[in-house]
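Work through the exercises below with the sequence and the model at hand. Each task is followed by a solution in steps.

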Amino acid sequence: MTSPDFSPIARQYAESRPGYPAELFDYLASLVDRRDLAWDCATGNGQAALQLTRHFGRVIATGPVQEPDPEAAPAAPLVTPLHPAEAR
């Protein structure tokens with residue numbers, strides 16, 4: 001199955017998409033006892049993965065794209081991108 005190519009509109013998407021409030025990630029982190037690892041499935045541009053690094057020791061980000069999005073949020077040392085999510 002081929003994923004759609006959104007790269008032609010990636011910059012516009014990154015500039016216009018609202019971010020997530022920090023309180024969302026504070027709340028998510030409060031739900032778990034251990035904070036050594038988090039998984040951001042369907043990571044998209046990676047903005048949630050970056051927010052998760054404030055609360056978790058390591059974040060694994062997966063998504064359906066073969067190549068990282070050039071307009072994605074800048075990578076953090078604690079984020080491990082794994083593409084594609086459907087990898088066997």
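**Exercise 1. Fold outline**

In what order do the elements of the protein run from the N terminus on?

Solution. This is a predicted model, in which local features need pLDDT of at least 70, side-chain atom pairs count only at pLDDT 80 or more, and totals for chains, interfaces and linings use all residues. Residues are numbered from 1 along each chain as its sequence is written, and side-chain values use heavy atoms, with hydrogens and water left out.
- Step 1: assign the elements as DSSP runs, taking helices as H or I of at least four residues and strands as E of at least two, numbered from the N terminus.
- Step 2: the protein has 3 helices and 3 strands.
- Step 3: the order is α-α-β-α-β-β.

**Exercise 2. Chain totals**

Solution. 
- Step 1: buried means under 20% relative accessible area, exposed over 50%, and partly exposed in between (1.4 Å probe, protein chains only).
- Step 2: a contact requires heavy atoms within 4.5 Å.

**Exercise 3. The nonpolar core**

Which residues make up the largest nonpolar core, and which element gives the most to this core?

Solution. 
- Step 1: a nonpolar core is a set of buried Ala, Val, Leu, Ile, Met, Phe, Trp, Tyr and Cys residues joined through side-chain atoms within 4.5 Å.
- Step 2: the largest such core has 9 residues, namely Phe25, Ala29, Ala38, Ala48, Ala49, Leu52, Phe56, Val59 and Ala61.
- Step 3: at least two core residues come from each of helix H2 (22–30), helix H3 (47–52) and strand E2 (59–62). H3 gives the most, with 3 residues.
- Step 4: apart from residues up to four places away in sequence, Leu52 touches Phe25, Ala38, Asp40 and Val59.

In soluble globular proteins, nonpolar side chains tend to be buried together.

**Exercise 4. Tyr20 and its partners**

How many aromatic pairs does a search of the whole structure find, and why is the pair edge-to-face?

Solution. 
- Step 1: rings of Phe, Tyr and Trp (its six-membered ring) pair if their centres lie within 6.5 Å; planes under 30 degrees apart count as stacked, over 60 as edge-to-face and the rest as tilted.
- Step 2: the search finds 1 aromatic pair. The ring centres of Tyr20 and Phe25 are 5.9 Å apart and the planes stand at 80°, so the pair is edge-to-face.
- Step 3: Phe25 is buried at 3% relative accessible area, whereas Tyr20 is partly exposed at 35%.
- Step 4: Tyr20 lies in the loop between helix H1 (10–16) and H2. Leaving out residues up to four places away in sequence, Tyr20 touches Phe25, Gln47, Ala48 and Gln51.

**Exercise 5. Salt bridges**

Find the salt bridges in the whole structure and state how many there are.

Solution. 
- Step 1: a salt bridge is a side-chain nitrogen of Lys or Arg within 4 Å of a carboxyl oxygen of Asp or Glu. The search finds 2.
- Step 2: Asp26 pairs with Arg54, the closest N and O atoms being 3.4 Å apart. This pair links distant parts of the chain, with Asp26 in helix H2 and Arg54 in the loop between H3 and E2, 28 residues apart. Asp26 is partly exposed at 33% relative accessibility, and Arg54 is partly exposed at 47%.
- Step 3: Arg34 pairs with Asp36, the closest N and O atoms being 3.0 Å apart. Arg34 is exposed at 61% relative accessibility, while Asp36 is partly exposed at 43%.

**Exercise 6. A backbone angle**

Where is Ala42 placed, and is Ala42 buried or exposed?

Solution. 
- Step 1: Ala42 sits in the loop between strand E1 (38–40) and H3.
- Step 2: Ala42 is exposed, with a relative accessible area of 59%.
- Step 3: although not a glycine, Ala42 has a positive phi of about 55°.
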